[in-house]
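Keep the 3D view open beside the text and look up each residue as you meet it.

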Amino acid sequence: MDKPWLSRYPSNVPETINPDQYPSLVEMFEQSVNRFADQPAFINMGTVMTYRKLEERSRAFAAYLQNDLKLKKGDRVALMMPNLLQYPVALFGVLRAGLIAVNVNPLYTPRELEHQLNDADARAIVIVSNFASTLEKIVANTQVKHVVLTSLGQMLPRAKGTVVDFVVKYVKGMVPKYHLPGAISMRKALRKGRRQQYVKPFMAGDDIAFLQYTGGTTGVAKGAVLTHRNMIANVLQAKGAYGAVLREGRELVVTALPLYHVFALTVNCLLFIEMGGNNLLITNPRDIPGFVKELQRTPATAITGVNTLFNALVNNEDFHELDFTNLKLSVGGGMAVQRAVAEKWQKITGIHLLEGYGLTECAPLVTGNPYDLSEYTGAIGLPVPSTEVRIIDDEGKVLPNDQVGELQVRGPQVMQGYWQRPEATKEVLDEDGWLSTGDIVKFDENYLLHIVDRKKDMILVSGFNVYPNEIEDVVALHGKVLEVAAIGQSHEISGEVVKIFVVKRDPSLTKEDVIEHCREYLTGYKVPKLVEFRDELPKTNVGKILRRVLREENEATLAKSA
């Protein structure tokens, strides 16, 4: 297959990786904890956990799962917590026991949680007490037999942890009352596990490592089946793309995105474990002043995030005063990185904000901008090593590279399918291993890929395709705009018109200001006809703006006024 993008690779980026370099994630983990035993692996709330301590705790947890809970290889264990030291302990304990990790968003409603636990047929769950009341409401309707409870402060030094838990529960009231008889504390589980024998099961690359759920914002959540080989491949692909600027055993990455999200799971947790790096875990990234104080105390060499996170940071005055001497890699994903944000980031930090692209079904990384990029391009970059891409039309016909169409991906990181959903799998994954992404893309003259937009988000104005990303990028350039989202609203003449939802940076901003600004940059049919100001926009827990929610709210409002 023709791969013209390879000519754009920096000289020290490999064309291919070996997804069988490690037999399993457990082997990868064991090699790292042996090599980097006394180096820090994770920092959270000022507390450091070394690779040695991570190995000891995860081994104890694996032993507990095997002996006390009698879980067998292939059983599913749900993990429902924000970024805490407990997460990697539980994660690697689950993997080392030969079990399958099912990451769960802690902010799920009882209905969403019940669906995911039942769909995965989870037999156990590790959960933070803040969300235990949600579990209590539905646990009787699931196959979950074992509940392991932890608290925000449980893995901190005892005095500090006691204070944190007291404040969280009694001062801030963040732990609703719950009743989960039979639940065991994670601290007690680890204490038991230390006295029990851990038996390492045989694991191969084709064994399932994760059921990573996706589609919850667009329909019924489905579990992407990701094997040990899928995850190892993507770790090595990320390392191939960016390893040239990273040194083994000497990096500190800021992990503000939750580790239950596949982007942070692979690019932060697993990649930096493989390289002997250190993860600075941010438990509450929405507390920007607190986040910035963490960055003051712990200078980072790398950071990942979504556009809304970077936007919030560049609009914080204290962030501008940080020392960015050590920072060498900034990667944005999950949603489009806007030019205005990228340019502010570079001006403040001196480092390019490199946009990447991926999806849960690809573990997740598919493309990334080369680390030697000299300016913002608006592109999602080049396919990572050992990844093939092609563009197809609505009938599935492969198009030339200079055409616009749907992106398909093939590579060792592509999922095996959706858990127990063969029909849904067939809709996106063909017999030759090509995954249909649902994203509309084009190549530029340098063979960098550009997202034009999601199929479902496209706005049709008088027969012309209008892509929300383009509208949002232009509006975001206005100095008085903080955040923006674009949708299509039904119109009796043109079919649809563009409507935008704007969060003001400056209270003096008017609808006329926004529309006049857009007229300067956009052709007539793309200019928003409707502007609605909001105090905030609906987002996922990782900060991705939910256009679907805005569409639904808008339709409901129109229906009432009809």
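C269 is buried, with a relative accessible area of 0%; buried means under 20%, exposed means over 50% and partly exposed lies in between, using a 1.4 Å probe and protein chains only. This is a predicted model, where local features need pLDDT of at least 70 and side-chain atom pairs count only at pLDDT 80 or more, while totals for chains, interfaces and linings use all residues. Residues are numbered from 1 along each chain as its sequence is written, and side-chain values use heavy atoms, with hydrogens and water left out.

How many disulfides does the structure hold? The number is zero, where a disulfide is counted as a pair of cysteine sulfur atoms within 2.5 Å. In general, a disulfide is a covalent bond between the sulfur atoms of two cysteines.

Now turn to helix α9, which is mostly covered: 13 of its 13 residues are buried. Helices here are DSSP runs of H or I with at least four residues, strands are runs of E with at least two, and both are numbered from the N terminus. After α9 comes G276, which has a positive phi near 70°.

Two packed helices are described by the angle between their axes and the distance between the axes. Helix α1 (residues 25-35) and helix α9 (residues 262-274) have axes that come within 8 Å and cross at roughly 55°. The axes are lines fitted to C-alpha atoms, for helices over the stretch in contact, and the angles run from 0 to 180 degrees between N-to-C directions. The pair α1 and α9 is therefore oblique; under 35 degrees would count as roughly parallel, over 145 as roughly antiparallel and 65 to 115 as roughly perpendicular, with oblique for the rest.

Which residues make this contact? From α1 come L25, M28, F29 and S32, and from α9 come L270, I273 and E274, with contact meaning heavy atoms within 4.5 Å. These residues divide into five nonpolar, one polar and one charged. Ala, Val, Leu, Ile, Met, Phe, Trp, Tyr, Cys and Pro count as nonpolar, Asp, Glu, Lys and Arg as charged, and the others, Gly among them, as polar.

E294 sits in helix α10 (residues 288-297). Is E294 buried or exposed? E294 is buried, with a relative accessible area of 13%. Setting aside residues up to four places away in sequence, E294 touches M45, L280 and I282.

L313 belongs to helix α11 (residues 307-314) and is buried, with a relative accessible area of 0%. Residues up to four places away in sequence aside, L313 touches I288, F291, V292, I303, F319 and W345.

## A loop residue

N141 lies in the loop between α5 (132-138) and β6 (146-150). N141 is partly exposed, with a relative accessible area of 45%. Leaving out neighbours within four places in sequence, N141 is in contact with E114 and N118. N141 and E114 are 27 residues apart in sequence, and their C-alpha atoms are 7.3 Å apart in space.
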